[in-house]
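Here is a short briefing on a protein model. Look over the sequence and the structure before reading on.

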Amino acid sequence: MWDSELAEVKGDNMGVTSAAIKSKKDGSVKDINFDGIFIAIGHKPNTDIFTNQLDMDEGYIIVKNDSAYATQSNVSGVFAAGDVTDKIYRQAITSAGSGCMAALDAEKFIDKKLEDGKVTGANISVKITNEFMQALNDGKDYFQVFPINI
C-alpha cells in the first residue's frame, strides 16, 4: 500500500486478523482484514561511507559476480554481501546466503595470498578475548574481530 503506514497489527491467539493502516495523505485510519502480513519497507542501503571508494549503482555496491570471487567489489580483497548489493530482493534470507558466499570468497582470497607467499600467518590475527569467553559463558552473541592486514 503506497503512501501509508502501519498503525497497528491486530490479532488473537490464532494469529493476525487485521491491520490498522494510516494514510500519509489525509491521516485517515482504516482496518483491513488479513490472515497474515508481510511488510515491505522503503530501502536505502547504508553505503554512504564507501562513496568514491567502491563502485556503486544507486547506492548499492557492485560486486564482480565472476567465477573467482563472486562477492568481490572493484577493490581487491573487499567483499560485499546482502542488502548493500541486492537492489532487487532486499530480504534477510537472500542476505544470509550472500553473506555466506562473501565469507567463502574472503577465505579463498586469504588462502591464495598465503599460497602465493604474499602474506604469512603472522599477518592474520583474530584474537579471542576474555570478553568473548565471558559473553559465551553468559549466553550472549558477542565477538570481537581485529583487522586483518594484508
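What follows covers one serine and a group of aromatic rings.

This is a predicted model, where local features need pLDDT of at least 70, side-chain atom pairs count only at pLDDT 80 or more, and totals for chains, interfaces and linings use all residues. Residues are numbered from 1 along each chain as its sequence is written, and side-chain values use heavy atoms, with hydrogens and water left out.

**Ser23**

- Ser23 sits in strand β2, residues 15-23 (strands are DSSP runs of E, at least two residues; helices are runs of H or I, at least four; both are numbered from the N terminus).
- Ser23 counts as buried because its relative accessibility is 18% (buried means under 20% relative accessible area, with a 1.4 Å probe and protein chains only).
- The Ser23 side chain reaches the backbone nitrogen of Lys25 at 3.1 Å.
- Beyond its neighbours within four places in sequence, Ser23 is in contact with Asp3 and Ser28 (contact means heavy atoms within 4.5 Å).

**Aromatic rings**

- The count is 3 aromatic pairs (rings of Phe, Tyr and Trp, the last by its six-membered ring, pair if their centres lie within 6.5 Å; planes over 60 degrees apart count as edge-to-face).
- One of them is Tyr69 with Phe79, edge-to-face, at 5.8 Å centre to centre and 70° between the planes.
- Both residues lie in the loop between β5 (60-61) and α1 (92-115), 10 residues apart.
- Tyr69 and Phe79 are both buried.
- Phe79 also pairs edge-to-face with Phe109, at 5.8 Å and 75°.
- Phe109 is in helix α1 and Phe79 in the loop, so this pair ties together parts 30 residues apart in sequence.
- Phe109 counts as buried, at 9% relative accessibility.
- Tyr69, Phe79 and Phe109 form one aromatic cluster.

Conventions:
Buried means under 20% relative accessible area, exposed over 50%, partly exposed in between (1.4 Å probe, protein chains only). A polar contact is a pair of N or O atoms within 3.5 Å; within protein, one must be able to donate a hydrogen and the other to accept it, and residues adjacent in sequence count only if both atoms are side-chain atoms. Rings of Phe, Tyr and Trp (its six-membered ring) pair if their centres lie within 6.5 Å; planes under 30 degrees apart count as stacked, over 60 as edge-to-face and the rest as tilted.
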